[in-house]
Structure formats: C-alpha cells, structure tokens
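Dear colleague,

Here is the structure I said I would pass on. My notes on it follow below.

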Amino acid sequence: MAIALKVSAKPLSTTEMNSRASAFVAKWKFESREHAEAQTWWNEFFAIFGVDRYSTAVFERWAKRASTGHQGRIDVFMPGVMIAEHKSLGKDGGKAEIQAEDYLAGGDISAAEMPRYIVSTDFAEVQITDLASPVDPPFRFPITKLPKYIARFAFLSGYQAPVRAITEQTAVSVTAARQMGKLYDALLGDIDASGEGHDAEQAAIFMTRILFLLYGDDADGLWEPDAFRNFIEYATVVDGSDAGAQIAVLFQVLDTPIGKRSARIDDHLKVFPYVNGGLFSERVDIPSFDHAMRDALIAAGNFEWADVSPAIFGSLFQGMSSRAKRREQGEHYTTEINILKTLRPLFLDELEVRLQAAWPSIPALTALHQSLADYRYLDPACGSGNFLIVAYREMRDLELRLLVRLQELRRLAPLDKIKRLGDYALDGTADLNVVPDQFAGIEINWWPSKIAETAMFLVDHQANQRMASTLGSAPNRLPITVAANIVHANALEVDWNRTVEATDSTLVFGNPPFIGQYTKTDDQTADMKVAWGKNYDGYLDFVTAWHAKALAYLKDTDRAAFAFVTTNSITQGQPVPALFKPIFGDGWRISFAHRTFNWRTEATGGAAVHCVIVGFDKGTDKPRLFDYAKPSSEPVEMPVARINPYLLDGPDQFVFKRMKPLAALPEVKKGSSPTDGGSLLISPAEYPDVMADAVAAKYVRPFIGADELINSDDRWCLWLTELDANDISKSPILSSRLEASREMRKASKKVGTQKLVRTPQLFGELRQPTVPYICIPRHFSADRLFATVAYFDAEVISGDANFTAEDPDGLLFAVVSSTMFLSWQRMVGGRIKSDLRFANTITWNNYPFPQLSNTERERVIAAGAAVLAARVALPGQSLARMYNPLAMSAELLHAHDALDKVIDRAFGFAKAPTESQRQQRLFDRFLEMHESDQLANPPKVKKQRALSTSASLV
C-alpha cells in the first residue's frame with residue numbers, strides 16, 4: 001500500500017528548502033563512504049524537504065532481484081513514491097539505477113507499492129528518473145547543484161508532483177512512419193535518384209491531406225470515427241477505379257462551409273466538417289487508383305493514428321525524399337529526445353523552475369501564466385516542423401499543469417481570499433496564453449513546409465483534447481482560424497522580422513542544414529557571403545549562416561536567446577574564431593552546450609552525425625555544460641564557470657596558427673612535392689620497365705603519398721638529389737623522364753613552376769628528412785581510434801600529402817600515436833567532410849605537450865616501440881586494416897593502451913581520463929604555455945612611420 005508523506009504541517013517554502021540544501025551540500029560534498037554514511041546522508045536529505053524519514057521511508061527493504069532470483073536489500077524504499085540506491089564515490093557508473101530497476105522487476109514490489117521515481121547517488125552526483133515519463137532521459141547533476149535543482153524533488157516537499165505529459169510513444173511513431181512510406185509507394189511510386197519521379201509539390205499536397213484524414217479518423221472531436229476509412233471502403237468500387245475521383249470530391253467538400261454545400265452530397269461526405277486554413281483549397285493532382293492502391297489506403301486506415309506524435313512527420317518526409325536531394329540540401333530531422341536537449345536548457349527548464357517556485361501561490365501562478373502570452377518562437381530552418389511541434393506541445397503541457405494547479409488552489413482557498421483575488425473561472429476557450437500563432441517557421445522546401453502546417457494543427461488538436469479531458473473545456477479549432485506561421489522561403493534571403501518581430505521574449509532554435517565548407521553549392525556560398533557580410537570566412541560551414549542571421553535578427557534585444565543543433569565541426573579547428581568572435585563581439589555568451597554526441601534521425605537509414613548544441617544569451621551567469629562519456633552515452637551535466645568556444649570550462653581564448661611549436665618539440669613540415677607532371681613518379685605498371693634500366697634503377701626509392709601510407713599501395717619515385725650527370729645519356733628512362741619534367745614545367749602558367757625548369761631532375765620542393773622520421777597523413781579518418789601515422793627510414797620518400805618530422809629515437813611517433821594527441825586534433829584541428837585535417841601550424845605548433853624528464857622520455861619511446869612491434873606482428877596488413885575500429889587486434893590495442901597510460905601520466909592523469917577530461921587538461925595547459933610564451937616573446941607591435949614635418953603640412 002502506498003503511504004502518504006509525513007511532512008511538516010505547512011510545506012516548506014522554496015527559499016527554506018534552498019537554504020537547507022546549501023547547508024546539506026556544504027556538509028556532505030566531500031563524503032565518499034557508502035556503508036559508513038549513507039543512512040545519515042538520506043536522513044538529512046529528507047530533512048531538507050521537512051520530511052520525517054522514519055514514518056515514510058524504509059532502509060534495507062528486502063526484495064527479490066530479477067536478474068538473479070535472489071533476495072537483496074533496497075537501500076531506501078518509499079512505497080508508491082521512490083526507490084533509491086547508493087554507491088560509494090566513483091563506484092556508480094550507472095550500476096545504482098540498474099540495481100533499482102532489477103528490484104522493481106523482481107516481483108516482490110506490488111502494483112500498489114510501485115514507485116514513480118528512481119533516485120541514485122554516489123555522494124558526488126545524483127540521478128533522478130521519472131518512470132511516469134519513460135521517454136524523458138534520466139536527469140543527472142552534481143550534488144553541489146542540489147539547491148538549483150531542488151524543484152526536481154517537489155514530490156518530497158508536500159506539493160503535488162506535476163505529471164509530465166510526454167507521450168512520444170516511439171515504437172508507435174516509427175511504425176506509423178513506415179506505414180506512410182508503404183502507402184506513399186503504393187499511391188505514388190518510388191522517387192528516382194534525381195528526385196523527379198513525380199511532381200514533388202503535388203505529392204506534398206496529396207500526402208499531407210491523406211495524413212490529415214487518417215489522423216482525423218482516430219482523433220476525438222474532429223469528425224466521426226473512421227469516417228475517411230469508411231468513405232473509401234463503402235463509397236468507392238472494389239477495383240479502385242473511381243477512388244481518385246471520389247477523393248477529389250471529398251477534398252472539395254472539406255474546403256466548403258457546411259451552409260454552402262449541396263444538399264445532394266453523399267451521406268458518407270456529410271459527416272466531414274469545414275476545415276479552412278488553406279489545407280484543402282489548392283487544386284491537387286490525384287493518382288489514378290487501382291485495386292491494390294485502394295487496399296493500401298484502407299489498410300492505412302486500420303492503423304491507430306490518434307496517439308502518433310506529429311513530430312514523426314519529418315521522418316515521413318525524409319523517407320519520401322530522395323537521398324541525393326537530402327544530401328544536397330543538408331536535410332536532417334531530429335528525434336524528440338535531441339530536440340528537448342535544445343529546448344529544455346534554452347527555455348523549458350527555466351519555465352519549469354518558475355512554475356515550481358510559483359506552485360504554492362495563486363498570484364505568482366497568475367503572473368507566470370500572463371507572461372506566457374509574450375513569448376514568440378521561431379525556427380528559421382523548420383523542415384517539417386519538429387522543433388515547433390515539440391516546443392508547442394511542451395508549452396501547452398506546462399500551461400495545462402499551471403491551470404490545473406490554479407484550479408486546485410482556488411478550490412482550497414478561503415472564500416474571502418477568492419473574492420479579493422477576483423473571479424477566476426477557468427475557460428479552455430479563453431484562458432489559453434500559448435497559442436499556435438506564437439510559433440513561426442521558415443522553410444526553403446515546399447513539401448516539408450506543408451507538412452509543418454498540418455503537423456502543427458494536429459499537435460494543437462492533441463493539446464486541446466488533453467485540456468478538455470482535464471479541465472472540461474478547450475478551443476474548437478475547426479474551421480481553422482488560428483495557425484502557426486510557416487513561411488516557404490529561403491531563410492538566408494528574407495528578413496526574419498517579417499515572419500515574427502524580434503523582442504526580448506523571442507526564442508530562436510532549430511536544426512539548420514548540415515553542409516560542410518567543401519560541399520556547399522555556389523548558391524549556398526553566395527548566401528553565406530550575404531549573411532556574414534564583412535565577417536565571412538571561407539572555412540565556415542553552411543550552418544553558421546543561421547548564426548549570422550540570428551545576430552542580425554536579435555541585435556536590438558537584451559533577453560532573447562537562440563540555440564542550434566549543428567555538426568561538431570563549428571567548435572573545432574580553424575572555423576572557431578571565425579564563428580565565435582563576431583558572436584562574442586555582439587555581447588552574446590554561451591548559455592548552455594551539449595558536447596559531441598551521436599545524433600540520428602527517426603527515419604529508417606537516417607543520418608548518423610556527430611553533433612553539438614550551443615545556446616546563446618546576453619545575461620548568462622550560470623552556464624550549463626552537458627558532457628558525454630562516449631558520443632552514444634547519456635548526457636551528464638558538468639559544473640562550469642564559463643563555457644568557451646571549444647565547449648570547455650575556460651575563458652574565450654582561441655587557438656590560432658603558430659609558425660613555431662609551443663612545446664619543446666621538433667618542427668613538422670610538409671613532405672616533398674614532385675611538381676613533375678608525373679615523370680618522376682613510378683606506378684606499379686611502370687616499375688618493371690624502370691628497374692630493367694640498370695642506370696635508372698639505382699635511383700629508385702619507395703614513394704609514400706596519402707594512399708600509399710594508409711593502404712600500403714606500392715609506388716616509387718626517381719630520387720635524383722645525387723644524380724651523376726653522365727648517367728642521363730646512359731639511361732633512356734632518365735633522359736625521357738627528365739625531358740618530360742622540363743617540358744611540363746616550361747608549359748606551366750605558374751612563375752614558380754617555370755623557375756624549376758633548370759632542375760628537372762629534382763622535386764619541386766625538397767623537404768625529405770635525412771634520418772628516420774615520422775610520417776603524418778594530412779587527413780585522418782574520424783572513425784579510427786588512433787592516428788594512422790607511420791615510421792620510416794630516410795630512404796622512403798614522403799610526398800606533400802603527408803607531413804614529416806625527423807624522429808631518430810621514435811619519440812614523436814609515440815606522441816602522435818596517443819589518444820591524447822588525437823583528442824587535441826579533434827578539438828582544434830581542421831576537417832574536410834567528416835575526416836580530421838592535420839595542419840602543422842594549428843594542430844602541431846599549438847600542441848601543449850609537457851616537458852619530459854629523461855625517465856619519462858625513455859618510457860614514452862619504449863611504449864611507442866611496442867606499438868611498432870605490434871604492427872610488425874601483423875605482416876601484410878595496411879594501416880587501414882590494422883586500425884579498422886571494428887577489427888583491431890588485441891595485441892595492437894594493448895600496446896596503444898600501454899602507450900596512453902604513459903602519455904596520460906605525463907599530463908598528470910593517474911587513471912584513464914575521458915575525452916572531455918583530456919581536452920580540458922589540454923586546453924588548460926595550452927593557456928598556461930601560451931601565457932608564458934607571450935610573456936617571454938611579446939608580439940611585436942608594428943610601428944607607424946611618423947610623418948615628416950613637410951608631409952604633415954601638405
């Protein structure tokens with residue numbers, strides 16, 4: 001049986017609970033002993049909320065574990081309310097929550113005792129999971145932030161715990177998307193590779209209307225249940241030959257006010273209301289039906305559509321659009337979980353805190369409710385409206401909980417107090433301050449813009465149905481008179497103020513197109529230049545044009561905010577200063593950020609991208625940073641004082657090009673460039689003929705370009721730095737190839753190449769090391785766990801697709817082969833498409849490698865040698881094969897792990913750090929070394945030449 005919480009006679013105020021929480025944190029923030037202090041910890045935790053633990057919670061409750069079938073002891077159990085598990089500091093790793101779930105599934109907890117919340121802690125962090133909202137991810141935070149998140153434990157404070165009405169129903173939504181894909185194929189056929197299988201605009205109109213009708217059949221309050229399905233089944237012939245014509249009549253009826261309809265229309269049509277809103281007003285080409293198409297439509301009508309989230313309509317659109325078209329336009333559609341990663345820290349969490357603070361007070365709730373009418377929401381790359389749909393649903397949910405609470409307080413308040421506050425009879429048709437026309441979107445593609453309009457109507461209807469069932473009344477939206485403002489236009493060419501005027505209550509968010517700097521079309525580059533103006537930088541990704549437009553749009557606001565989901569490339573490498581300097585220069589600061597995480601669409605085969613989310617405002621004093629142990633992990637909020645452009649805790653310092661290494665490391669240079677038209681290079685097919693020439697053969701050396709380095713392909717070159725001039729006349733190969741080199745250089749339009757005519761035997765640029773060296777490819781695959789670098793003798797010639805550095809003892813090979821170096825590369829290095837792009841001026845010359853003692857140096861060299869030895873044990877394998885992330889040998893992985901341990905220790909880590917810990921340490925060291933370098937070598941100030949007296953008089 002569930003038991004009522006025994007709290008103090010009057011619930012504690014938020015101020016009092018915050019005060020108690022601060023004292024609790026001060027006492028317990030250094031504790032770590034699970035068994036020694038856990039019970040006292042929980043007793044004092046409950047006291048924060050005025051709860052008498054002895055009459056409400058049980059320690060060490062016996063219960064069966066589902067995984068073992070054996071009895072165990074639940075750390076803290078409150079029947080019907082909460083189950084809690086406690087681990088020692090650093091020992092959790094998610095085990096506490098798993099253990100709690102194990103008890104709940106064991107069968108000893110009755111339905112009446114089943115708790116709503118799971119709480120787990122290891123003293124340092126607390127995680128709370130609301131089992132009533134299964135789609136909501138667990139919320140994890142450091143114990144030091146308990147006062148900030150005190151509202152999360154409202155269920156302990158004596159206030160009614162608000163119910164989060166998130167009904168995503170992922171499995172149903174995915175099934176619905178697939179169902180619509182099948183229906184699309186049946187009705188309209190496959191889109192060909194060019195996306196021109198049929199008229200896209202006509203398809204958009206037709207399919208969104210069908211989707212609306214399928215939903216309306218199952219949604220309460222639009223029309224009679226299954227009216228559309230019955231219309232198809234009973235008002236059309238079995239072979240489907242008249243279905244298209246009948247659907248055309250239905251569309252006309254839906255666009256005609258009831259008073260203007262013909263009295264002779266079929267009874268199956270009379271049940272449909274007048275829709276309005278333009279949804280059925282335009283003419284549409286309807287396909288000619290056959291028996292199979294009619295059956296497919298009836299089958300779709302058998303699916304239950306009422307509970308499907310309108311946010312899946314984006315994946316519906318993605319499934320119907322050709323892959324080539326999506327790639328060209330950077331179309332991606334976010335899942336609800338990832339949308340909420342943006343919306344919650346941008347504004348929903350703050351509103352939730354305000355709601356909890358106002359929970360006991362009618363005036364405070366009323367003031368908060370009135371403020372909801374001021375907000376305006378804009379997604380300037382809205383696609384099919386997923387962000388707007390989720391934002392609207394969440395705001396309507398918050399408003400409904402607020403109205404229900406007002407109703408509760410009014411019912412409990414003394415009569416004289418109600419009279420002083422004035423009459424407040426809740427009316428669902430008048431009391432809404434969150435309405436569709438507060439929400440606006442801009443979308444370049446016609447099809448998703450139509451889906452967005454329809455989906456926003458459907459999510460509004462769902463919200464109204466929840467309101468009607470809760471409060472007894474809600475607005476009737478048919479015919480449509482109030483709707484979201486979805487503008488079909490290029491967001492980079494229009495003034496966003498014409499869509500919704502910017503104010504201090506404007507919130508901008510979304511998921512702009514993911515198109516890299518090297519894959520933009522000419523038109524997209526032109527849009528970028530217009531958006532950024534004088535601040536345009538060719539290294540910026542296309543997505544950053546939306547940042548530029550947001551700066552211009554919100555320039556006269558003080559309390560507005562914006563946030564976008566983007567690829568993580570905007571926070572890495574050379575583009576970082578180009579993007580963030582203008583943003584910071586306009587007074588914006590990073591208010592929250594999600595570091596790199598895996599992001600997938602809801603569509604089958606949808607894109608998998610490494611993303612970040614960065615939010616901005618002008619008044620942040622408590623930034624929020626969410627980190628991921630791995631890109632596929634759940635987010636954990638990290639305590640930070642300030643978030644910098646690399647999404648680390650630190651000042652707004654940028655990493656710029658340097659011409660010399662910051663650390664005590666040798667210089668890295670590009671390899672040698674032939675500039676020969678191919679005459680000095682030797683392919684496998686040419687090799688036998690060249691080697692048959694005895695004179696030429698003695699000058700042949702292995703040649704390593706990018707492909708040769710990674711894939712162990714064979715290639716050679718003529719290395720003629722010590723050419724005996726007499727050998728040219730003795731060798732037909734040498735004479736013909738040197739003549740070809742001369743002619744190529746002579747014919748070149750480049751002055752620098754023409755100057756090389758005098759030395760046709762030599763590479764155009766000679767930078768070949770004379771001792772064993774490290775060879776670093778210009779590009780690394782982003783999927784591999786380690787940098788695919790190689791170690792060669794001086795006889796192996798490296799081309800300019802690689803970088804080289806003399807490394808006689810193998811130290812540099814070990815340094816670059818470490819995870820620490822690759823973490824630095826990922827953070828500050830460049831990118832080409834998804835691959836990492838190494839540059840000596842950015843990555844290497846700024847690498848903050850520590851000064852090593854002799855002992856440390858020997859350990860690093862030995863660990864690097866062990867990696868090379870593990871490679872030798874894999875004969876015939878290329879680097880690409882050795883470093884396949886799905887098939888690395890255990891021996892090679894072990895060698896790299898041992899190398900990482902030595903390098904990590906040199907950076908001060910006693911145990912293996914996470915990626916974010918590595919990058920934080922690297923950035924902190926960079927700041928220290930950069931500051932010391934600036935003090936030792938202050939930048940030279942260019943002196944302006946003084947004007948002469950005579951010149952100044954002119």
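Which residue in strand 19 is the bridge partner of Leu681? The bridge partner is Cys717. Strand 17 and strand 19 (residues 716-718) run antiparallel and are joined by two bridges; two strands count as paired if DSSP finds at least two bridges between them. Strands here are DSSP runs (E, at least two residues) and helices likewise (H or I, at least four), numbered from the N terminus.

This is a predicted model, in which local features need pLDDT of at least 70 and side-chain atom pairs count only at pLDDT 80 or more, while totals for chains, interfaces and linings use all residues. Residues are numbered from 1 along each chain as its sequence is written, and side-chain values use heavy atoms, with hydrogens and water left out.

The open sheet has four strands in the order 17-19-18-23, with mixed pairing. Strand 17 (681-682) and strand 23 (797-798) are its edges, each pairing on one side only.

Strand 10 (residues 506-510) runs parallel to strand 11, with four bridges between them; Val508 has Phe562 as its bridge partner. Seven of the seven residues of strand 11 (residues 561-567) are buried, so this strand is largely enclosed by the rest of the structure. Buried means under 20% relative accessible area (1.4 Å probe, protein chains only).

Helix 7 and helix 10 are in contact (heavy atoms within 4.5 Å): Phe228, Arg229, Ile232 and Glu233 in helix 7 meet Arg294, Leu297, Ile298 and Gly301 in helix 10.

Regards

How values were computed. Buried means under 20% relative accessible area, exposed over 50%, partly exposed in between (1.4 Å probe, protein chains only).
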